[in-house]
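Me: I want to learn how to read a few features of a model. Please take me through them one by one.

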Amino acid sequence: MTAFPRHLTISAAALVLAAGAALAQETSSRGAENAEQLGRDAQDVLRRTAPGAASGQPGPSTGQPETMRILRQSGAQPIAPQSGARRSGNGSTLRPSVILPGDVLLPDPSQLAGSKKSPPTVPQIEAVRYDGGALPEGQSALTVVAQVLLDRAGISPGIIDGWRGGMSQSAIAAFESRESLPVDGEMDPQVWQALGGPEAAGLLQSYVIADDDVTGLSQPLPQDYAELAQLDRLGYIRVTEKLAERFHMDEDFLVALNPGADFAAGSVITVVDPGAKQETKVARIEVHKPTSRLAAFDAEGRMIANYPVTVGSSATPSPSGTVEVVGVALDPTYTYNPKINFKQGENDEVLILPPGPNGPVGAVWIDLSKPTYGLHGTSDPSSLFKNVSHGCVRLTNWDVEELAHLVTEGVVVEFIE
């Protein structure tokens, strides 16, 4: 029996059809997957994507635009696994969330390199000037600005946190490709100009915390699925978590940007302005496994959006070849079936976990024609690029929500090896 997300929502443009089987593969057993296997996978990808390495990918064509071929040279490098506690890119302990058993977080050393520096402040971000060169190592005000500009351009940097790392570098590479610039994943004067950096304004904005922002929160969520199944909703557990996702920000960065703030209703805080959501309908999607990016194209073949993703490993791989979108479920539930999924704790019966952004599939499930596979959200946006899935494709909740309103039944999804 497969797992089906519920609460299927249909848009005026027939966005969503029947929600199909949702999650058996995403939650399949990962007993064979371990740090050693991940290390081999990472080294294999490094070998295949290193400059000058022989590529098995075809050249530019209508079926596979140059965009996704040259993203392999973006500088987004997988890294070897590291044992120990799950931690975010800046070294802080990850906030509690519903974690699928077997998840392994791979820290990004390019972010850890500058972890002892103080986070950029509002005056520093507002005073940013670009004088050439790559983004600074570690966390910086310039990287905050670059991430906001990329987000506004439809090229998601993932979480906006000011850290230079794989997500930001691959986002720059995707932008360079779309704008027909030399692709190296590094900031330079051409990229800065094309992003509108010299004229950029209003990157930060004031926001008055509303009553709705501080209500409807969940209590800290247990890890046991039987306990989760007894709840009504797997919602945000902190005001700061809720607001961070609304403005595409890392929660720690949001807090650091507002020292002394109590985040109570009526308080005025500073947040970034990631810009308006994309509105052009998507005709085709490419999931590029080696670079962990998803590109969405319009009917004319122009890339209109590009997002960082988490894909499966060799033990629990994402699909290969071409599939289609068959439906979208907003705010889906999650069905746990130990007979076809993994065994979680002592739970040996089918359980239905309630919906919510902190559920195993986040805020949205985009169902694919390959049974039990989909594109979906995540309770932990910091883990993208540093984690592996059970075969499905994970995006931040805000990115998959945007994508959900751009796709229709029959949109082709091609998985690029």
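Reply: Start at the end of a helix. Helices here are DSSP runs of H or I with at least four residues, strands are runs of E with at least two, and both are numbered from the N terminus. Just after H9, His248 takes a positive phi of about 60°. The model is predicted: local features need pLDDT of at least 70, side-chain atom pairs pLDDT 80 or more, while totals for chains, interfaces and linings use all residues. Numbering runs from 1 along each chain as its sequence is written, and side-chain values use heavy atoms, without hydrogens and water.

Me: Why is H9 largely enclosed by the rest of the structure?

Reply: Check burial. Buried means under 20% relative accessible area, exposed over 50%, partly exposed in between (1.4 Å probe, protein chains only). Seven of the eight residues of H9 are buried, so the helix is largely enclosed. Among them are Val239, Leu243 and Glu245. The cover includes strand S1 (204–208), helix H10 (251–257), strand S2 (268–272) and H11.

Me: How do I read an aromatic pair, and which residues form one with Tyr225?

Reply: Rings of Phe, Tyr and Trp (its six-membered ring) pair if their centres lie within 6.5 Å; planes under 30 degrees apart are stacked, over 60 edge-to-face, the rest tilted. Tyr225 and Tyr334 are edge-to-face, at 6.1 Å centre to centre and 85° between the planes. That pair joins helix H8 to strand S7, 109 residues apart. Tyr225 and Tyr336 have ring centres 5.4 Å apart and planes at 85°, so this pair is edge-to-face too. Tyr225, Tyr334 and Tyr336 form one aromatic cluster.

Conventions: Contact = heavy atoms within 4.5 Å.
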